[in-house]
Amino acid sequence: MEKYVELNSQGNVLRGMMHIPDGISGPVPFVILFHGFQDDRNEINFVHTELSRRLCQAGIGSVRFDFLGSGESDGTFSDITVSKEIQNGIDILDYVLNLDFVDANRVALHGLSLGGCVASMVAGLRKESVCAMSLWCPALDLVYNLKNKMLCGMDVSDIDQKGYADVEGLRLSLDFYEDCLKLDPYRIASQYDGPVNLVHGDQDITASPEVSYHLKEIYQERAKLTIVEGAEHRFLSMDYRKARMDSALEFLESRLGESK
């Protein structure tokens, strides 16, 4: 079953889609999906829609919300900061944990790009509530690069003078930049002590594969890293897409498929 859902986060309505397996008795394992920068809950080429539906076929529920200022949720793009998305993520996690049909011991996070950065920090802050984490092309470097006024390869050195940056027609606020100056994603992410699955393309110039290599060093034997040769950030071929999807599904089904 797929159904539209809403929740309140920081006084704003987040809008999303929930997938609940049919014919499941007892508490349901669950995955929360976080989308990336300038995207929405369906994600690039609808890849999160596919992931949710395939998880559902495997008996695993999921939910994917638009973050504040993205998709159909309240706010505009100029409202977003990474810290606000982290708080959105925590509020979504609490929402899921309070659903009476969810197995609170089998809740995992999945994130793509900036959503992967957010997922890693939510997991670090709430490690007792997250049993596993799946990351596609996590963009922790977006935060660190912005400290040097570079955003996904774009020079935004005039953001102080203008008070915003023009990001492909979207207004990125000075607050977003100033918030990044205060954050240390690797430090927060390193607090998570559960299993992790990492998938990255070796040709990714939007979120460097060095991010996943570094996360592998942080998580050590608890993390599996798959580098897909030839793939860039969007995994724009059927073979690349399949490699990324299969890796996440195998990991999530193995971690969530049996009651803990």
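**Salt bridges and helix packing in the predicted model**

Lys 149 counts as buried at 19% relative accessibility, where buried means under 20% relative accessible area, exposed over 50% and partly exposed in between (1.4 Å probe, protein chains only). The structure is a predicted model, in which local features need pLDDT of at least 70 and side-chain atom pairs count only at pLDDT 80 or more, while totals for chains, interfaces and linings use all residues. Residues are numbered from 1 along each chain as its sequence is written, and side-chain values use heavy atoms, with hydrogens and water left out.

Lys 149 takes part in a salt bridge with Asp 160, with a distance of 2.3 Å from N to O; a salt bridge is defined as a side-chain nitrogen of Lys or Arg within 4 Å of a carboxyl oxygen of Asp or Glu. Because Asp 160 belongs to helix α5 and Lys 149 to the loop between α4 and β7 (150-151), the pair ties together parts that are 11 residues apart in sequence. Helices (H or I, at least four residues) and strands (E, at least two) are DSSP runs, numbered from the N terminus. Asp 160 is partly exposed, at 35% relative accessibility.

The structure holds 14 salt bridges. Among them, Lys 162 pairs with Asp 158 at 3.9 Å from N to O; Lys 162 is partly exposed at 38%, and Asp 158 is partly exposed at 32%. In the salt bridge between Arg 126 and Glu 128, the closest N and O atoms are 3.2 Å apart. Here Arg 126 is buried, at 16%, whereas Glu 128 is exposed, at 61%. A network of salt bridges links Glu 6, Arg 15 and Asp 74.

Helix α6 spans residues 174-181, and its buried residues are Phe 176, Tyr 177, Asp 179 and Cys 180. These residues line one face of the helix, because they fall within an arc of 160° when seen down the axis of α6; the arc is that of the directions from the helix axis to the C-beta atoms. The buried residues of α6 pack against α2 (82-97), α3 (114-125), α4 (140-146), α5 (159-162) and β10 (170-173), contact meaning heavy atoms within 4.5 Å.

A further helix contact involves α1 and α9. In this contact, Val 47, Glu 50, Leu 51, Arg 54 and Leu 55 of α1 meet Arg 241, Arg 244, Met 245, Asp 246, Leu 249 and Leu 252 of α9.
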